[in-house]
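Subject: Handover of a structure and notes on its charged pairs

Dear colleague,

Please find the structure below, together with its sequence. My notes on what was found in it follow.

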Amino acid sequence: LLSQAKDILDAWLAVNKYEKAIEKHRQLEEELQALDKEINDLAREIEADEGKINEQSAKVEVLRKAYDRQMDTVTEWAKSMRSKISSGEIDVCPVCGQKLADVAFNEQELSSLYESAKKAYEDAQNNLTKLKDGVSDKISTKSGKASSYASQKKSFKDDRSVAEAQNVAQQ
């Protein structure tokens, strides 16, 4: 009778071990599926962000050209006005309306004429940098998750606890 009770207890323990091994195996499968989903989601986000980066890069280029043109225009205009003022062709400053005797060109006032274009360009450049940094972070995260996935997948494949518990339970 004692022998039978020991056999029943051993069988119960083996079945319990088998059930725990199966549950552990199921949890590992769920973790792998969740990790795989996270990796795929990150890949889609990266792809979408790369499209945004391309759009932002084009915007930056357009704004840079507009800024350069505006700055060149103001600079050329200022040179032309300075030459006219210095040659005495006009007697009133076209910039501020003062008489020539009182005129002193203020470079800061001239630069303010293209400041909004410069700010738009710099803001677009900053947004582009943020987008690129975000994608870089996502790529790093994806890489880390992919490494974790590979490691967990190997552990999952190498896990013999279910087979061992099943063998014990069958005996």
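A salt bridge here is a side-chain nitrogen of Lys or Arg within 4 Å of a carboxyl oxygen of Asp or Glu. Please bear in mind that the model is a predicted one. By this criterion, the structure holds 12 salt bridges. Side chains of opposite charge can pair when their charged atoms come close.

Which residues are linked in a network of salt bridges? They are Glu 45, Asp 49, Lys 52 and Lys 138. Within this group, Lys 138 pairs with Asp 49, and their closest N and O atoms are 2.7 Å apart.

In one of them, the side chains of Glu 23 and Arg 26 meet with an N to O distance of 2.2 Å. Glu 23 and Arg 26 are three residues apart in helix 1, so about one helical turn separates them. Glu 23 is partly exposed, with a relative accessibility of 32%, and Arg 26 is likewise partly exposed, at 33%.

The other salt bridge is formed by Arg 64 and Glu 61, whose closest N and O atoms lie 2.4 Å apart. Here too the spacing is three residues, about one turn of helix 1. Both partners are partly exposed: Arg 64 has a relative accessible area of 27%, and Glu 61 has a relative accessibility of 32%.

Apart from the charged pairs, there is a nonpolar feature to report. Leu 9, Trp 12 and Leu 13 make a nonpolar surface patch of about 330 Å². Of these residues, Trp 12 is located in helix 1, which covers residues 2–86. Is Trp 12 buried or exposed? Its relative accessible area is 53%, so Trp 12 counts as exposed, the threshold for that class being over 50%.

Yours sincerely,

A colleague

Note on methods. Residues are numbered from 1 along each chain as its sequence is written. This is a predicted model: local features need pLDDT of at least 70, side-chain atom pairs count only at pLDDT 80 or more; totals for chains, interfaces and linings use all residues. Side-chain values use heavy atoms; hydrogens and water are left out. Patches are made of residues with over 30% relative accessible area and no salt bridge: like charges are joined within 9 Å, nonpolar side chains (Val, Leu, Ile, Met, Phe, Trp, Tyr) within 5 Å. Accessible areas come from the Shrake-Rupley method with a 1.4 Å probe; for residues, only the protein chains shown count as cover. Helices (H or I, at least four residues) and strands (E, at least two) are DSSP runs, numbered from the N terminus. Buried means under 20% relative accessible area, exposed over 50%, partly exposed in between (1.4 Å probe, protein chains only).
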